[in-house]
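This report describes a protein chain, helix by helix. The sequence and structure come next.

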Amino acid sequence: MPAVLELLSRSNSTSQAFAEVLRLPKQQLRKLLYPLQEVERFLAPDRRQDLHLRIFDPSPEDIARADNVFTATEGNRIDYVSSAVRIDHAPDLPRPEVCFIGRSNVGKSSLIKALFSLAPEVEVRVSKKPGHTKKMNFFKVGKHFTVVDMPGYGYRAPEDFVDMVETYLKERRNLKRTFLLVDSVVGIQKTDNIAIEMCEEFALPYVIVLTKIDKSSKGHLLKQVLQIQKFVNTKTQGCFPQLFPVSSVTFSGIHLLRCFIASVTGNLD
Ligand code: GDP
């Protein structure tokens with residue numbers, strides 16, 4: 001287990017765990033909390049602005065506060081609520097909502113599990129067997145917000161599934177942000193483009209999360225990050241102009257993503 005994860009799992013409370021995280025050597029800390037800055041180090045200084053690094057740049061203290069929002073306690077229940085195959089079966093939850101979409105195998109369940117690692121009771125359901133109905137899964141995070149795990153799309157996704165995602169994105173009134181996952185190893189694929197077009201068409205605010213960053217060499221990751229950033233800058237309107245690289249294995253970028261979610265749902269004020 002990576003040293004950082006060991007630290008986090010050994011500690012009982014987030015603030016205690018986070019205090020230990022803050023004592024990590026500078027480079028390890030940067031890699032864990034700000035993976036984009038780590039990528040930036042391999043760019044020539046005159047190209048660094050290409051990555052729009054300082055748009056969302058919370059302090060480690062803000063990140064620690066957001067971790068508290070994601071920590072299950074008696075007063076902050078974090079639970080699976082229900083699943084739905086149609087938007088009219090979705091639970092009527094008044095809180096702000098964020099959803100996660102992405103191709104099958106992009107690392108969505110792993111990412112949601114990592115985000116909920118401070119609420120170990122939460123079971124992230126996965127229905128991957130062919131023929132099994134794919135569902136939207138709703139999780140409530142205390143009184144703060146709802147997280148929705150959308151079914152993975154892919155080459156063989158049935159049409160009713162596309163309808164499900166499309167209708168949800170179009171009609172869900174309390175949806176504050178859509179997190180669109182792209183595998184950092186292979187970059188934006190054809191099916192990712194369909195999802196991007198959907199978000200653009202409905203004028204949704206969305207964010208590209210780059211998954212599995214531990215799998216590539218630094219050079220490959222830098223190349224993918226620059227390519228996708230260029231795409232975001234030149235071809236999109238609704239996409240947040242900062243990428244969120246993450247690894248569900250090393251936990252790099254997970255705390256920052258929690259902080260961004262807390263921020264866009266109004267829980268960091
Ligand atoms: P989903 O279909 O999008 O829910 O994808 P999963 O979360 O099930 O992940 C698909 C595969 O990628 C699994 O074998 C995971 O173990 C692997 N995976 C997911 N996230 C990461 C990551 O951050 N790093 C690495 N190395 N592997 C990952």
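Is S110 buried, partly exposed or exposed? S110 is partly exposed, with a relative accessible area of 41%; buried means under 20% relative accessible area, exposed over 50%, and partly exposed in between (1.4 Å probe, protein chains only).

## Basis and overall content

This is a predicted model, in which local features need pLDDT of at least 70, side-chain atom pairs count only at pLDDT 80 or more, and totals for chains, interfaces and linings use all residues. Residues are numbered from 1 along each chain as its sequence is written, and side-chain values use heavy atoms, with hydrogens and water left out.

The protein chain has 10 helices and 7 strands; helices (H or I, at least four residues) and strands (E, at least two) are DSSP runs, numbered from the N terminus. Of the 269 residues in the protein chain, 52% are buried. Among contacts between residues at least 6 apart in sequence, 74% join residues at least 24 apart, where contact means heavy atoms within 4.5 Å.

## Helix α10 and its surroundings

Helix α10 covers residues 254-264. Its buried residues are I254, H255, L256, L257, R258, C259, F260, I261, A262 and V264. With 10 of its 11 residues buried, α10 is largely enclosed by the rest of the structure.

F251, in the loop between β7 (244-245) and α10, has a phi near 75°, a positive value in a residue other than glycine. F251 is buried, with a relative accessible area of 8%. Just after α10, G266 takes a positive phi of about 75°.

The axes of helix α5 (residues 60-69) and α10 come within 8 Å and cross at roughly 75°; axes are lines fitted to C-alpha atoms, for helices over the stretch in contact, and angles run from 0 to 180 degrees between N-to-C directions. D62, I63, A66 and D67 of α5 make the contact with H255, L256, R258, C259 and A262 of α10. By class, this contact has 5 nonpolar, 1 polar and 3 charged residues; Ala, Val, Leu, Ile, Met, Phe, Trp, Tyr, Cys and Pro count as nonpolar, Asp, Glu, Lys and Arg as charged, and the others, Gly among them, as polar.

Helix α6 (residues 108-115) contains S110. The axes of α6 and α10 are 10 Å apart, at an angle of about 80°, and the two helices are therefore roughly perpendicular to each other. L111, A114 and L115 in α6 meet I254, L257, R258 and I261 in α10. The contact of α6 with α10 has 6 nonpolar, no polar and 1 charged residues. The C-alpha atoms of S110 and S248 are separated by 6.0 Å, although the two are 138 residues apart along the chain.

## Helix α8 and the chain after it

Helix α8 (residues 190-201) has 12 residues and reaches 17 Å from its first C-alpha to its last, close to the 16 Å expected at 1.5 Å a residue; the expected span is 1.5 Å times one less than the number of residues. Its buried residues are T191, D192, A195, I196, M198 and C199. They cover an arc of only 155° around the axis, which puts them on the same side of α8; the arc is that of the directions from the helix axis to the C-beta atoms. The face turned away from this buried side carries the exposed residues K190, E197 and E201.

A203, which follows α8, has a positive phi near 55°. K212, in the loop between β6 (206-211) and α9 (218-235), has a phi near 60°. Most residues other than glycine have a negative phi.

Terms used. Angles under 35 degrees count as roughly parallel, over 145 as roughly antiparallel, 65 to 115 as roughly perpendicular and the rest as oblique.
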